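Please walk me through this protein model.

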Amino acid sequence: MQSAKPFKIPESVLVVIHTPDLQVLLIERADHPGYWQSVTGSKDSPDEPAAETARREVLEETGFDIAALGASLSDWQLANVYEIYPQWRHRYAPGVTRNTEHVFGLQLPAPLTPTLAPREHLAWQWLPWQEAADRCFSPSNAEAVLQLPRLRARPAA
């Protein structure tokens with residue numbers, strides 16, 4: 001007998017992966033083709049630090065090992081609170097309708113080829129930051145990408 005899948009924690013990260021010349025990596029959701037986004041993911045436990053969630057999600061969704069690449073993750077000190085899309089509410093405990101999303105940036109030296117988790121993502125693309133913002137399905141993701149020129153120099157997390 002399998003145990004029920006635990007509910008998602010309504011606290012997550014959004015990681016804008018970019019290059020010094022402001023190319024942004026977007027990945028297409030497998031569960032909603034045509035929905036493009038940055039790396040996202042929920043905490044595994046309530047006490048997991050958001051920076052650790054971000055490192056784990058980048059590795060799971062792109063195959064990029066931040067430490068091995070010598071890259072630095074920066075905490076943009078932004079948190080978005082938003083209504084969870086109705087099609088994804090079943091993943092959360094009954095009555096949970098809002099999520100808090102912590103925003104990070106990850107600068108890579110150049111566009112790298114990600115290794116996608118096929119159950120999560122179908123395709124990837126590097127786009128200039130303004131085009132990437134236009135392509136994001138999520139308003140909070142689009143806004144984070146639009147903040148990239150201003151926030152990319154934040155200290156490492």
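This is a predicted model: local features need pLDDT of at least 70, side-chain atom pairs count only at pLDDT 80 or more; totals for chains, interfaces and linings use all residues.

Start with the annotation. The UniProt record, an unreviewed entry, places the feature "domain: Nudix hydrolase" at residues 8-149. In the model, that span is 24% helix and 36% strand. Its end C-alpha atoms lie 32 Å apart.

Now take the strands. Strand 1 covers residues 11-18 and runs antiparallel to strand 4. The two are joined by 4 bridges. One of these pairs can be named: Val-15 has Val-39 of strand 4 as its bridge partner. Strand 4 itself spans residues 39-42 and is covered on both faces. Val-39 and Gly-41 point to one side, Thr-40 and Ser-42 to the other, and all four are buried.

The largest nonpolar core has 19 residues. Which of them touch the most other members? They are Val-15, Ile-17, Val-58, Leu-73, Phe-104, Leu-106 and Leu-108. Strand 1, strand 2, helix 1 (50-62) and strand 6 each supply at least two residues of this core. Helix 1 gives the most, with 4 residues. Leu-108 shows what the surroundings of one such member look like. Beyond residues up to four places away in sequence, Leu-108 touches Ile-17, His-18, Thr-19, Pro-20, Phe-64, Leu-69, Ala-71 and Trp-126. Another core lies apart from the largest one. This other core has 17 residues, among them Leu-26, Ala-132, Cys-136 and Leu-148.

Charged side chains come next. The structure holds 9 salt bridges. Two of them share Asp-31. Arg-29 forms one with Asp-31, with the closest N and O atoms 2.8 Å apart. Asp-31 forms another with Arg-91, where the closest N and O atoms are 2.9 Å apart. Asp-31 sits in the loop between strand 2 and strand 3 (36-37), and Arg-91 in the loop between strand 5 (72-83) and strand 6 (98-107), so this pair ties together parts that are 60 residues apart in sequence. Asp-31, at 35% relative accessibility, counts as partly exposed. Arg-91 counts as partly exposed too, at 28%.

A further salt bridge pairs Arg-56 with Glu-57. The closest N and O atoms there are 2.8 Å apart. Both residues are buried. They also belong to a network of salt bridges that links Asp-44, Glu-48, Arg-56, Glu-57 and Glu-60.

Next, look at Ile-27 in strand 2 (residues 23-29). Its relative accessibility is 2%, so Ile-27 counts as buried. What does Ile-27 contact, leaving aside its neighbours within four places in sequence? The list is Tyr-35, Trp-36, Gln-37, Ser-38, Val-39, Glu-61, Leu-116, His-121, Ala-123 and Trp-124. Val-39 is the strand 4 residue that bridges to Val-15. Glu-101 gives a sense of distance: Ile-27 and Glu-101 are 74 residues apart in sequence and 18 Å apart in space, C-alpha to C-alpha.

Finish with helix 4 (residues 139-146), where Asn-141 is found. Beyond neighbours within four places in sequence, Asn-141 is in contact with Leu-14, Gln-37, Ser-38 and Cys-136. Gln-37 and Ser-38 are also among the contacts of Ile-27.

Ala-142 lies in helix 4 as well. At 14% relative accessibility, Ala-142 counts as buried. Not counting residues up to four places away in sequence, Ala-142 touches Ala-133 and Cys-136. Cys-136 is a member of the core of 17 residues, and it is also a contact of Asn-141. Ala-142 and Asp-21 are 121 residues apart along the chain, and their C-alpha atoms are separated by 18 Å.

Note on methods. Residues are numbered from 1 along each chain as its sequence is written. Side-chain values use heavy atoms; hydrogens and water are left out. Contact means heavy atoms within 4.5 Å. Buried means under 20% relative accessible area, exposed over 50%, partly exposed in between (1.4 Å probe, protein chains only). UniProt positions are given in the numbering used here, feature names are shortened, and annotations may be inferred rather than shown by experiment. Two strands pair if DSSP finds at least two bridges between them. A salt bridge is a side-chain nitrogen of Lys or Arg within 4 Å of a carboxyl oxygen of Asp or Glu. A nonpolar core is a set of buried Ala, Val, Leu, Ile, Met, Phe, Trp, Tyr and Cys residues joined through side-chain atoms within 4.5 Å.
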